[in-house]
Amino acid sequence: MRTSRRSRTLLNAAATLFAVVWAFPVYWMVTTAFKPQHDILTSTPHFLPFPLTLANFADAVKKPHFGSYVVNSLAVTLTVVVVATTVGFLAALALARFRFLGRRAILVTILAIQMIPAPALVIPLFLTMKSMHLLNNLLSLGLTYTAFVVPLTIWILRGFAQGVPVELEEAARLDGASPAQVIRHVLLPLLAPGIIATSIFAFITAWNDYVYAYVMMKDDAHYTLPVWLATFSTNTGTDYAGLIAGSTLFALPAVAFFMIAQTKLTAGMTAGAVKG
């Protein structure tokens, strides 16, 4: 009994230590965003933002085209999340439920695509978008991010779909449910954890990308927020106060999306358990 308590105490202490080490950079970024300029650059660390100031945030949002960057990032990211999860969900169901010629080749291809590093595709994708006259168009970013997200979405959701007993679908059909009703009332609740996980992955992929947004866009008004963050570093130096405040603002939508997704995940798991 004592050994069990001792092991539990050690595990809790290790978990707490890990959580503190992981969370400290986030804490330092957020608190630094509220510090005056002279406290940010001082060699003596200040663990609390005193006196607290909002000037760094005000200076950050005053950057040219900030509003356009926010709209562009949200439009591209939310579109990628919706399209990638929808296409991935339907494709995963097809690969999990149907047997057809070339099915195994498709799965191998999907897995192989994940092994290609994204930076290696910058030039081919740039030339492809140029030939399609989509450069300096947000559609090019949407297509690019969707192409990156869909293969992993299919692979993950296929595993979830294979874990759902076919008997549940057959029982729903015997009760008179149409294919659309089977998907909505049986499969969607049971696959909710996978859908939420892949939607978070899609959001982070599209929201955080800098390289493709910078390469494929020409006008400042078409850039996204990662490019906006890069403007705080110039040849004359780095505006650390604005950069940290901007990074804090940049992280807020991702945190909000994760919190909403987590709520939906819990509701989906509960609904799936009741349906099953």
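# A walk through the helices

Helix α5 passes helix α7 in a left-handed crossing, meaning that the near helix is turned anticlockwise from the far one by less than a right angle (right-handed is clockwise). This is a predicted model, where local features need pLDDT of at least 70, side-chain atom pairs count only at pLDDT 80 or more, and totals for chains, interfaces and linings use all residues. Residues are numbered from 1 along each chain as its sequence is written, and side-chain values use heavy atoms, leaving out hydrogens and water.

**Stop 1: α5 and α7.** Select residues 103–113 for α5 and 138–162 for α7; helices are DSSP runs of H or I with at least four residues, strands are runs of E with at least two, and both are numbered from the N terminus. The two axes come within 8 Å and cross at roughly 125 degrees (lines fitted to C-alpha atoms over the stretch in contact, with angles from 0 to 180 degrees between N-to-C directions). That angle makes α5 oblique to α7; under 35 degrees is roughly parallel, over 145 roughly antiparallel, 65 to 115 roughly perpendicular, and the rest oblique. Now show the side chains in contact (heavy atoms within 4.5 Å): R103, L107, I110, L111 and I113 on α5 meet P151, I154, W155, R158 and Q162 on α7. Coloured by class, this contact has seven nonpolar, one polar and two charged residues.

**Stop 2: T32.** Go to helix α1, residues 2–33, and pick T32. Is T32 buried or exposed? T32 counts as buried because its relative accessibility is 3% (buried is under 20%, exposed over 50%, partly exposed in between, with a 1.4 Å probe and protein chains only). Leaving aside residues up to four places away in sequence, T32 touches I40, N56 and I244.

**Stop 3: the annotated spans.** In an unreviewed entry, UniProt lists residues 70–261 as "domain: ABC transmembrane type-1"; such annotations may be inferred rather than shown by experiment. Select that range: the chain there is 76% helix and 2% strand. Finish with residues 182–207, one of the spans UniProt annotates as "transmembrane region". This span is 96% helix and 0% strand, with its end C-alpha atoms 33 Å apart.

Terms used. Ala, Val, Leu, Ile, Met, Phe, Trp, Tyr, Cys and Pro count as nonpolar, Asp, Glu, Lys and Arg as charged, and the others, Gly among them, as polar.
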